[in-house]
Amino acid sequence: MKLVWSPETATKAYLETVKSIALQCRIFNDSGVAEFLSAMAAGWNTKLIVESWSYGGPVATSIGLAVAARHTSGRHVCIVQDERSKSSYVEAMAVAGVPSTVIVGDAEEAMEGLSGIDFLVVDSKRKDFARVFRYAKLSHKGAILACKNACRRAISGFRWNRVLGKETRVVRSVVLPVGQGLDIAHIGADGGVVGYKNSSSRWIKHIDQRSGEEHFFRG
């Protein structure tokens with residue numbers, strides 16, 4: 001088995017996320033990121049969507065991922081580092097009218113009970129963000145990993161092949177100019193062939209909600 005792309009589901013999740021964020025009557029710092037990741041998570045029909053969140057950060061991405069989970073009949077889980085962060089996150093999501101599932105703990109502890117992750121979003125602002133990726137128990141059918149605010153850690157020497165174990169096969173990766181940078185890696189299914197194939201790639205369109213500009217990326 002492997003992840004299969006559905007443009008129809010991606011479009012539905014994208015549009016619903018745009019509407020959901022607009023209803024908050026304010027501009028989220030990462031709203032463009034939210035719509036993009038929501039479309040990706042839904043389009044790949046992912047079932048276990050996990051993200052990390054740091055205290056004081058916006059919840060636009062969480063709203064988008066929750067929307068995606070509804071479209072795929074999946075589950076969205078957020079991991080935070082302490083009880084203060086949990087209280088703040090749950091309150092923010094409640095204001096947005098979105099139910100939330102939260103796990104408190106460091107990278108290794110939080111990932112212990114999460115198996116079969118097929119979509120993982122981690123903010124590089126989190127000090128142990130690389131360890132979150134390292135301890136993730138990914139799905140055998142493949143997974144999508146996304147690192148938010150990638151431009152902030154450009155000088156840190158971050159490389160997917162360094163962070164992930166040798167048994168984890170990165171099919172392809174790309175850094176996209178969305179928000180403060182999105183570093184995305186596609187992890188292949190068990191038994192798959194590592195390598196980029198132009199015939200299997202697809203174009204993904206992202207519209208910047210502030211400028212109205214359209215950006216096209218290979219997915």
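How many disulfides does the count come to by the rule that a disulfide is a pair of cysteine sulfur atoms within 2.5 Å? The count comes to zero. The structure is a predicted model, in which local features need pLDDT of at least 70 and side-chain atom pairs count only at pLDDT 80 or more, whereas totals for chains, interfaces and linings use all residues. Residues are numbered from 1 along each chain as its sequence is written, and side-chain values use heavy atoms, with hydrogens and water left out.

Secondary-structure elements are DSSP runs numbered from the N terminus, with helices (H or I) of at least four residues and strands (E) of at least two. Helix H4 spans residues 83-95. Its 13 residues reach 18 Å from the first C-alpha to the last, close to the 18 Å expected at 1.5 Å a residue, the expected span being 1.5 Å times one less than the number of residues. The buried residues of H4 are Ser85, Tyr89 and Met93. They lie on the same side of H4 because they cover an arc of only 55° around the axis, the arc being that of the directions from the helix axis to the C-beta atoms. In general, an α-helix has 3.6 residues a turn, so residues three or four places apart point the same way. The buried residues of H4 pack against strand E1 (48-52), helix H3 (60-72), strand E2 (75-80) and strand E3 (102-104), contact being defined as heavy atoms within 4.5 Å. The face of H4 turned away from this buried side carries the exposed residues Glu83, Arg84, Glu91, Ala94 and Val95. At the start of H4, a side-chain oxygen of aspartate 82 reaches to within 3.4 Å of the backbone nitrogen of arginine 84. Glycine 97, with a positive phi near 75°, follows H4.

Aromatic pairs were assigned to rings of Phe, Tyr and Trp (its six-membered ring) with centres within 6.5 Å, planes under 30 degrees apart counting as stacked, over 60 as edge-to-face and the rest as tilted. The count comes to three aromatic pairs. In one of these, the ring centres of tryptophan 5 and tryptophan 44 are 5.1 Å apart and the planes stand at 65°, so the pair is edge-to-face. This pair links distant parts of the chain, 39 residues apart: tryptophan 5 belongs to the segment before helix H1 (7-22), and tryptophan 44 to the loop between helix H2 (31-43) and E1. Both tryptophan 5 and tryptophan 44 are buried. The rings of phenylalanine 133 and tryptophan 160 have centres 4.9 Å apart and planes at 80°, so this pair is also edge-to-face. It connects helix H6 (residues 129-135), which holds phenylalanine 133, with helix H7 (residues 160-163), which holds tryptophan 160. Phenylalanine 133 is buried at a relative accessible area of 2%, and tryptophan 160 counts as buried at 6% relative accessibility.

Leucine 114, in the loop between helix H5 (107-111) and strand E4 (115-117), is buried with a relative accessible area of 2%. Residues touched by leucine 114, not counting those up to four places away in sequence, are Val50, Arg75, Val77, Ile79, Ile103 and Lys137.

Terms used:
Disulfide = S-S within 2.5 Å. Buried < 20%, exposed > 50% of the residue type's maximum accessible area, 1.4 Å probe, protein only. Polar contact = N/O pair within 3.5 Å; in protein donor to acceptor, adjacent residues only side chain to side chain.
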